[in-house]
Amino acid sequence: MKKKVVMFSSNSKRRSSNSNCLVFPKWSELWNSLAEEYSGCEIWLVVQLNGRYFLDIYNGKLIDPPEAVHVEIMDMEAGLSEFVEKITELNPDVAIAMPGPVSGLDWNGLRDASIAEELSRRGIRTICYPLKTAEICFDKWLTHQFLEENGFNVAKAVYVHNGLFFAGKDDPHSTGNVYRETVLNKIKNLPFPVIIKGTTGSASAGIVVAGCYEEAEEFLVSDRNQEDMIVEEMLHGQEYGTEIHGCRGRFNVLPPFMKFTTDNEDVIDPLGLTTLKFGPMTGEKYHADELISELTRMAELMDLCGNNNLDLMLCGDKWYIIEINARWSGLTTLTACSEDRSPYAVYLDQYVGAKKDYTDLKNIRIACNFKMSGGSEQMLEKLSREEGVDSVIHYQIIRPDESSYYFNDVIIGGFDSFEEMADTLDRLQKIFPEEISADVPAAIRAKLPEL
Ligand SMILES: Nc1ncnc2c1ncn2[C@@H]1O[C@H](COP(=O)(O)OP(=O)(O)O)[C@@H](O)[C@H]1O
Ligand SMILES: [Mg+2]
């Protein structure tokens, strides 16, 4: 008897009816191969039609649904209880959460964890982190406190509660806002420059850099300060990202992947066209073993599950954690490519067990993610068939201000050396000189001597 496995992901944002998400190879091909490879499982996919990573969407509509898995499309308006009812009705052997990203408030994990908790109460086996973990990761100040209390390196930070910071201004008897005074005094004692960011945002949206105390104060007292904020010492170093895959007793943490922009911005825009990522970094200066063991300790403490993304900074020889995104992220297809497994298998392997030991670095290959703005559908498809190319994702980015644009993420991988990776970039750039900027291989090559 096959095991009935429900893989679910909710999403709180509607897609516009003309939005596209074209992936080469298609997501449906990935699902079909997964079903073939995991033939002991009857896979059900319960999702909303607005994600970017689970289904192929053309002009706002599902195209080519995978044949080998059962797809249950939930209504756009469906919330916690509708998901719980639907999954209960399916009566699965296990329900596995796959929280995905969303622009603006990065909160899909809260709903997916709540769905899992409700299902557990009904006696259904689930694989998801606890709601408490979703809450800690959703709120950057809670993340900061959790990490600090448990001995992980974090930037010095001060929390600014928006309501209290502006409280009492209409009280004629008040001699001043004591909360504001206290908070500003704490900020004065931070090392400058500082980064000011909302506690619940994503994709670097709205991040402010203040060079000195006066600039920070000017921003905070202005009407640009619209939400709870965290004011953080700006770390100076090289930024990296990595991912933690699996669940308790089955974690594997990848060594760090370098992230940088070819225009050397301080704040990396993960959706920016000039952002490049590659790795894993295993050279001595990264002391990846130590980092991996610290992050595994963190994963155990948080009881993480599925796919979890981390923003990291290496300052001298000290690793700092900037952020935990307990969800599918912009790094997921890259890390999955390094593991040579489907990103969906990262979730399913929590139930059936991984085929390889991904804690053994021999099983992790070198991969790179670069972005491209142009390219016709034919060109993207052709590119995806080139040797060394893992996938090409063409998608629409919707900014928090509702403006949108399209671009492509290209993942190349399967390399044994960075040199081999750079050669592949050169080759692809020569084949597609109009679409792939010569800056891409040049920027990567410029990094190689320092690795
Ligand atoms: N304390 C910090 N020091 C240096 N850079 C930072 C710091 N905090 C954030 N950044 C920069 O801003 C980016 C986004 O910040 P992050 O905390 O990851 O929020 P989000 O990705 O949710 O917008 C980071 O990837 C990094 O480039
Ligand atoms: Mg981040």
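## Close-up views of a predicted model

**Figure 1. Three domains make up the division of the protein chain.** Domain 1 covers 3-128, domain 2 covers 156-233 and domain 3 covers 238-450. The model is predicted. The protein chain holds 14 helices and 21 strands. Its C-alpha trace spans about 70 × 55 × 45 Å along the principal axes. How does the radius of gyration of the protein chain compare with that of a compact globule? For 451 residues, a compact globule would have a value near 22 Å. The protein chain has 22 Å, so the two agree.

**Figure 2. Domain 1 touches domain 3.** The C-alpha centres of these two domains lie 23 Å apart. Domain 1 gives 31 residues to the contact, and domain 3 gives 29. Which elements of domain 1 give two or more residues to this side? Three are strands: S1 (3-9), S2 (21-24) and S7 (94-97). Two are helices: H1 (27-37) and H3 (108-121). By class, this side of domain 1 has 21 nonpolar residues, 8 polar residues and 2 charged residues.

**Figure 3. Helix H3 packs with helix H4 (residues 131-138).** The axes of H3 and H4 are 8 Å apart. The angle between them is about 175 degrees. Are the two helices roughly parallel or antiparallel? An angle over 145 degrees counts as roughly antiparallel. H3 and H4 are therefore roughly antiparallel to each other. On the H3 side, the contact is made by Gly109, Leu110, Ala113, Ser114 and Glu117. On the H4 side, Leu131, Ala134, Glu135, Cys137 and Phe138 take part. By class, the contact has 6 nonpolar, 2 polar and 2 charged residues.

**Figure 4. A shell of 17 residues stands around ligand 1.** Which of these residues come nearest? They are Ala155, Glu232, Leu235, Ile268 and Glu323. Two strands each give two or more residues to the shell: S10 (194-198) and S18 (318-325). By class, the shell has 9 nonpolar, 3 polar and 5 charged residues.

**Figure 5. Ligand 1 is seen here with the domains around it.**

Note on methods
Residues numbered from 1 in each chain as written. Chains lettered and ligands numbered in written order. Predicted model: local features only at pLDDT ≥ 70, side-chain atom pairs only at ≥ 80, totals over all residues. Near = placed C-beta within 6 Å. Helix = DSSP H or I, 4+ residues; strand = E, 2+ residues; numbered from the N terminus. Nonpolar A, V, L, I, M, F, W, Y, C, P; charged D, E, K, R; others polar. Domains from an automatic or database assignment. Contact = placed C-beta atoms within 7 Å. Axes fitted to C-alpha atoms, helices over the stretch in contact; angles between N-to-C directions. Parallel < 35°, antiparallel > 145°, perpendicular 65-115°, else oblique. Rg over C-alpha atoms; globule rule 2.2 N^0.38 Å.
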